[in-house]
Amino acid sequence: MQLIPFHPKWNIRGIDDSKLHNCYLRTQQTSMSSTQKLFDLNQLYFDNRFIRELPADPETTNTRRQVIGACYSRVLPTPVSKPQKIAYSREVAELLDLSDKVCESEQFAQVFAGNQLTAGMEAYATCYGGHQFGNWAGQLGDGRAINLGEIINQRGERWALQLKGAGLTPYSRHADGLAVLRSSIREFLCSEAMYHLGIPTTRALSLILTGETVIRDMFYNGNSQPEPGAIVCRVAPSFTRFGHFQICTAQQNIALLKQLADYTIRTDFPHLDINAPNVYSQWFNEICRRTAEMIVHWQRVGFVHGVMNTDNMSILGLTIDYGPYGWLENYDPDWTPNTTDAVDRRYRFGNQPQIAFWNLVQLANALYPLIEDAEPLQEGLSLYVRTFEQGWQAMMASKLGLANYQADTDDDLSADLLKLLQQVETDMTVFFRQLAHIKTDVASLSKSDDELLTPLLPSYYVPEQLTHAYTTQMGAWLHRYMQRTQNNPYDDNARSLAMNAVNPKYVLRNYLAQLAIDKAGQGDFSMVEELLELLCRPYDEQPERETFAAKRPDWARQRAGCSMLSCSS
Ligand code: AMP
Ligand code: MG
């Protein structure tokens, strides 16, 4: 029996969790017996450091405005008529020490719909700017996110809480501050799905229907419809974005930039020595490295964020702001789910690594006044490139079940495979899962191309595309792959286990989310629950839920919500 060096919650560089005061990657579940569960939300312990230590907007009305010289504005959530809890994440509740009983209570629905503030909660919206689709957009800010403060749990971890869709803030610009059920279901489920895939992400505690109606023009085509309103409570060590720093520099407020940077380093990067002369470049290096690691993960599982504006980039390298995201079904680097980006496809799957780099360049520009030397920032950007390249290679090797990446053979092996996957419509998730079944013993080496291809057949969308020419090419690639595995230390069984630990069986396929949304629209929330449970174990075989692993059905190919989404949410 060979040892498998992969952990299901695989991460590329094996980040040392102990150095992070707040671990976003999965850590050992702490036994709840050592902590007391809370039965009343008033028992939560808040320590609202962000608003205590950073400057506030002196104005406390809710008028939409430009906020100068402040990091946040105090603002209350807008009360809603009939809060109804649809779902909550047990695991996130555990992070906050919450008992199931309190999560099922009326108090929970009221609080996480924004109708009540419990002891210690303080509501505020933060100020940030950003580049949207490549252009500087000025002040954006929490236009429909209202923070409730920062909890310290019984294990001493800090978690910030944020309601998305809780009403107008000074940063709402022309919009209403609200969110609809469909996009809230998508955010709730995907946050948790990403976490269980081992991908750095913000989490989601709750999904609450507000009882209010929200008007949305889903495809910006003049067809506005009333939709049910909903609120997700997001949870993360912090929600600080690249854009928080950009807005300070854009306003030429370098004192505020320094104050926010120092605060962020002390709180989100406590392992860095704030007094070190090069602390800002060390910090930028770490942001670059974490961003690269996050993007490698996205490319590993076929996740397309859809709106990689700089205001949607977390300083901690967390996946943040689940809007018109999607999952690759047939492998196509040019695909984006976001109809708002349909022409330029700036945020298409294959462009994500370059866009993250571009975004880091914008952050480097914003941080320049702190360092006043371009070279260290340039080094951070080079570190991004190196980390991404090495991470990508390690990731490709692991997807193929190879113990290490050998550039002389594996550059071509992986490039040729990715070309073949695009040549005919091939489901990325199913393909890599099925590739784990390929046998590489001597007898298998003499199989015909058709025989070799048999385990892969479930991954193809259009059987007619499997021409003789294609089968021959794929057969030749499989032969090369089998040859390559001859100097790999794993036997077939170990290789398949290793592959299944990094190639998920279950992802939040676009059509699955849409089916859950369709049912929820009829008052049936069972599929939200079912998907939440399914996606907690994305790498495991779940025979009773095999249908959720199937490739996209034909009806979903062109259906709104399944293949096309807009920013309207
Ligand atoms: P997004 O594209 O969702 O990242 O949002 C870009 C900016 O628009 C952010 O400042 C959001 O807070 C704001 N925003 C998006 N949707 C709304 C909305 N319905 N109401 C108010 N602000 C919004
Ligand atoms: Mg956003």
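Predicted model: local features only at pLDDT ≥ 70, side-chain atom pairs only at ≥ 80, totals over all residues.
Grid points are joined across faces, edges and corners, and the volume is the space filled by probe spheres set on them.

What lines the largest cavity? There are 17 lining residues, and Phe50, Glu150, Ser238, Phe239 and Thr240 lie nearest its centre; to count as lining, a residue needs an atom within 4 Å of a point. The count comes to 6 cavities of 30 Å³ or more.

## Around ligand 1

Now to ligand 1, with 17 residues around it, where "near" means a heavy atom within 4 Å. Gly141, Gly143, Arg173, Gly177 and Asn312 come nearest. Domain 1 (49-239) and domain 2 (254-398) both give residues to this shell, so ligand 1 lies between them; the domain bounds come from an automatic or database assignment.

## Polar contacts

A polar contact pairs N or O atoms within 3.5 Å. A polar side-chain atom of Arg173 is 2.7 Å from an oxygen atom of ligand 1, and a polar backbone atom of Gly143 is 2.8 Å from an oxygen atom of the ligand. A polar backbone atom of Leu178 lies 3.3 Å from a nitrogen atom of ligand 1. Taken alone, ligand 1 exposes 480 Å², of which the protein buries 83% (Shrake-Rupley method, 1.4 Å probe).

## How to read this

Residues are numbered from 1 along each chain as written, while chains are lettered from A and ligands numbered from 1 in written order. Local features need pLDDT of at least 70, side-chain atom pairs count only at pLDDT 80 or more, totals for chains, interfaces and linings use all residues, and side-chain values use heavy atoms, leaving out hydrogens and water.

Notes: Polar contact = N/O pair within 3.5 Å; in protein donor to acceptor, adjacent residues only side chain to side chain. 1 Å grid on protein atoms, 1.4 Å probe; cavity = no way out; pocket = protein on both sides within 12 Å on 5 of 7 lines; lining within 4 Å.
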